[in-house]
Amino acid sequence: MDPRRSWGAMALLCLLLPGGHPSPCRVSISPEEPTVEFGTSLLLNCTSSCQNYSRLSWEVSVTKMEMQGPGWVSLSIPNVTDWSLELHCFGVFGEQRDIATTTIHTYRFSPPEIDLEGDAVAGEEARVTCNASARVSPPDPPNLYLTLRGGGLPTSTRRGPSVAVGFTAQPEQHGQEVTCEAMLRLGRHTVNASATATLWVWAAPHDVRVWAPRTVFTAGDNLTVMCRAEGNPPPRLRWELPTNASQELRDGGATVTIPAAQRVHSGTYRCLAENRYGTGAASVNILFQGSSRSPLIPVAVTLAVVAVLAILAVSWWLYRAQGWRPMSD
């Protein structure tokens with residue numbers, strides 16, 4: 001506030017007391033409850049309710065800077081390093097004297113810090129802690145409150161320098177933000193600060209799935225079997241296949257392809273997902289119908305039958321056309 005405007009307002013209050021006597025002249029300090037962080041600067045104003053003063057000044061035991069105007073005097077302290085500092089403003093009005101006194105509320109406040117204690121593993125107990133520190137003018141302890149919230153955690157508020165929340169870690173909490181809000185109450189004033197941290201939830205392989213376009217094939221079909229798994233870090237995949245089954249791995253080992261598969265490829269296709277926090281598995285059974293023999297065998301049998309029938313037909317023709325008779329004994 002402009003000190004001149006403050007002084008003008010005070011002057012308007014110089015009303016006569018009952019009986020026609022003027023009210024006594026007063027000095028006042030603003031703000032009424034000065035609050036300052038340790039090591040920083042402070043600016044205060046002292047105003048007079050009357051114009052007829054002969055002196056208007058500050059008395060303080062530290063280095064100061066003053067500026068004056070009609071009905072006001074300001075005080076600037078460039079570096080407050082006292083935890084308890086009393087200030088006085090004097091006004092002299094002829095034979096009358098008035099003094100206004102105030103005490104600076106000094107504080108030191110370190111913003112909160114969030115600690116994620118150890119690795120948070122899905123399905124296991126984990127703990128998040130928030131710490132903050134404060135110091136205020138004696139003799140009272142700091143009136144400090146901490147609130148921890150977010151990240152799928154239950155909200156927790158506690159008075160003091162620390163608050164903690166225990167929880168069972170879940171995969172969906174990975175990447176969510178946790179916030180710690182700190183509030184330091186200093187009389188009528190409050191100082192606020194906050195911090196955030198990201199939850200990092202590790203997880204063993206889960207939701208492992210194995211599937212194929214169908215589970216019954218015909219010999220000679222192209223076979224494709226796929227595997228997917230969730231986990232943090234992303235799990236490595238490996239396969240257990242039917243004995244002697246050839247394979248071709250694609251998509252980083254997530255897909256098995258077998259061109260022109262045969263009956264030997266029937267069986268259980270099992271996918272194993274692994275990371276440093278555990279393993280998971282899933283499987284699918286594949287069945288092949290039809291023969292896996294070479295297609296040349298049926299062709300050869302057919303040709304042999306045709307040849308025999310041709311020989312029989314020729315023999316019958318000779319028998320009828322030339323009167324051929326088998327030799328008698």
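1. In this predicted model, strand β22 (residues 267-275) pairs with β23 over nine bridges, in the antiparallel sense. A hairpin of two residues links β22 to β23. Within this pairing, look at Asn275: Gly278 in β23 stands opposite.

2. β23 (residues 278-289) also pairs with strand β17 (residues 216-218). Here the strands run parallel, and three bridges join them. Val216 stands opposite Leu287 in β23. Strands in a sheet pair through backbone hydrogen bonds, whether parallel or antiparallel. β23 takes part in both senses: antiparallel with β22, parallel with β17.

3. Next, an open sheet. Four strands make it up, in the order β1-β3-β6-β5, and the pairing is antiparallel. Which strands stand at the edges? They are β1 (27-30) and β5 (65-69). Each has a single partner strand, so one side of each lacks a neighbour in the sheet. From one strand to the next, the twist averages 20 degrees.

4. At one end of that order, β5 pairs with strand β6 (residues 72-77). The sense is antiparallel, with five bridges.

5. Now the largest pocket. Its volume is about 230 Å³.

6. Where does the lining come from? Domain 1 (27-106) and domain 2 (108-203) each contribute at least three residues to the lining of the largest pocket. By strand, β8 (96-116) and β14 (177-186) each supply at least two. β8 gives the most, with four residues.

7. The lining holds seven nonpolar residues, seven polar and two charged.

8. Gly94 sits in the loop between β7 (84-93) and β8. Is Gly94 buried or exposed? Its relative accessible area is 59%, so Gly94 is exposed, the cut-off being over 50%. Ser54 is 40 residues away from Gly94 in sequence, yet their C-alpha atoms are 6.8 Å apart in space.

Technical notes
Residues are numbered from 1 along each chain as its sequence is written. This is a predicted model: local features need pLDDT of at least 70, side-chain atom pairs count only at pLDDT 80 or more; totals for chains, interfaces and linings use all residues. Side-chain values use heavy atoms; hydrogens and water are left out. Two strands pair if DSSP finds at least two bridges between them. Axes are lines fitted to C-alpha atoms, for helices over the stretch in contact, and angles run from 0 to 180 degrees between N-to-C directions. On a 1 Å grid over the protein atoms alone, a cavity is a set of points where a 1.4 Å probe fits but cannot get out, and a pocket is an open set with protein on both sides within 12 Å along at least five of seven lines; lining residues have an atom within 4 Å of a point. Grid points are joined across faces, edges and corners, and a volume is the space filled by probe spheres set on the points. Ala, Val, Leu, Ile, Met, Phe, Trp, Tyr, Cys and Pro count as nonpolar, Asp, Glu, Lys and Arg as charged, and the others, Gly among them, as polar. Domain bounds come from an automatic or database domain assignment. Buried means under 20% relative accessible area, exposed over 50%, partly exposed in between (1.4 Å probe, protein chains only).
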